[in-house]
Amino acid sequence: DVSGHGVPAALFLSLIKSVSSSLLRQHSHDPQVYLKTLNGELCENMQHYFLTALYGIFLFDAPGGDVRLSIACAGHPPPVIHERGAHAARYLPIRGKLLGVIRDITFDALDVALRRGDRVYLYTDGVPEITNEKMEMLGYDRLLAVIGETAGRDLGDSLDAVMEEVHRFRGATPVDDDIVIIGFEVR
């Protein structure tokens, strides 16, 4: 999620994509090193902009058919995990500094074991921070509750339910930030 809106943000994002593609060839296997290297490039070559990011990789070599997610965070809202059969979702306990602000920082990675049917949701801050006519935010707690309420639905329906709640909550209030949610399910 980049700072700003419109054409300047889109141009910045295209530069990030170019730099990111180059770095992936060298550091795709290590979320910590990838974010640290990307941060260095941003601080050196693209001052006055910053972004939040998550970089994670799914590792399919876990015994028993389980999957491992190795993920690092750079100022982005934490991912949501909804384990199969659970009625409540939870946030992954991962935080990190924004990219492009401070040159020499490190990022922590978190390894999470996932089983068949577990889901991971990634989203922009525009989802929980959407406001309604009373200037109330949907909130991070409500986002967890909405995702938890989707137990038993397929992944596509769960994503639709989140977006329906976002739009129901905001009513006629204009959207002033990106609203993106992506879901993954272990099969």
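Is S158 buried or exposed? Select S158 and look. The model on your screen is predicted. In it, S158 is buried, with a relative accessible area of 0%.

**Stop 1: around S158**

S158 is found in helix α4, which runs over residues 155–170. Now show what surrounds S158. Leaving aside residues up to four places away in sequence, S158 touches R119, Y121, T150 and R153. The side chains of S158 and Y121 are joined by a polar contact of 2.8 Å.

**Stop 2: strand β6**

Next, select residues 119–123. How many of the 5 residues of β6 are buried? The count is 4, so β6 is mostly covered, taking buried as under 20% relative accessible area.

Look for the strands that pair with β6. Strand β3, residues 80–82, pairs with β6 in the antiparallel sense over 3 bridges. Select H82: H82 stands opposite R119 in β6. Then turn to β7. β6 and β7 also pair in the antiparallel sense, over 5 bridges. Here Y123 stands opposite I181 in β7.

**Stop 3**

Color the two by accessibility. R119 is buried, with a relative accessible area of 7%. E185 has 24% relative accessibility and counts as partly exposed.

Why can such a pair form? Side chains of opposite charge can pair when their charged atoms come close.

**Stop 4: other salt bridges**

The count for the model comes to 6 salt bridges. Select R90 and E83 to see another one. Their side chains meet in a salt bridge at 3.4 Å, N to O. R90 is partly exposed, at a relative accessible area of 37%. E83 is partly exposed too, at 31%.

Now go to R142 and E149. R142 forms a salt bridge with E149, and the closest N and O atoms are 3.3 Å apart. R142 counts as partly exposed at 29% relative accessibility, whereas E149 is exposed, with a relative accessible area of 52%. Salt bridges that share partners join R142, E149, E165 and R168 into one network.

**Stop 5: helix α2**

Last, select residues 31–45. This is helix α2, with 15 residues. From its first C-alpha to its last, α2 reaches 21 Å, close to the 21 Å expected at 1.5 Å a residue.

Which residues of α2 are buried? They are P31, Y34, L35, L38, N39, L42 and C43. Look down the axis with these highlighted. They cover an arc of only 160° around the axis, which puts them on the same side of α2.

Finish at the N-terminal end of α2. Select D30 and Q32. D30 caps this end of the helix. A side-chain oxygen of D30 lies 3.2 Å from the backbone nitrogen of Q32.

Conventions
Residues are numbered from 1 along each chain as its sequence is written. This is a predicted model: local features need pLDDT of at least 70, side-chain atom pairs count only at pLDDT 80 or more; totals for chains, interfaces and linings use all residues. Side-chain values use heavy atoms; hydrogens and water are left out. A salt bridge is a side-chain nitrogen of Lys or Arg within 4 Å of a carboxyl oxygen of Asp or Glu. Buried means under 20% relative accessible area, exposed over 50%, partly exposed in between (1.4 Å probe, protein chains only). Helices (H or I, at least four residues) and strands (E, at least two) are DSSP runs, numbered from the N terminus. The expected span of a helix is 1.5 Å times one less than its number of residues. The arc is that of the directions from the helix axis to the C-beta atoms. A polar contact is a pair of N or O atoms within 3.5 Å; within protein, one must be able to donate a hydrogen and the other to accept it, and residues adjacent in sequence count only if both atoms are side-chain atoms. Contact means heavy atoms within 4.5 Å. Two strands pair if DSSP finds at least two bridges between them.
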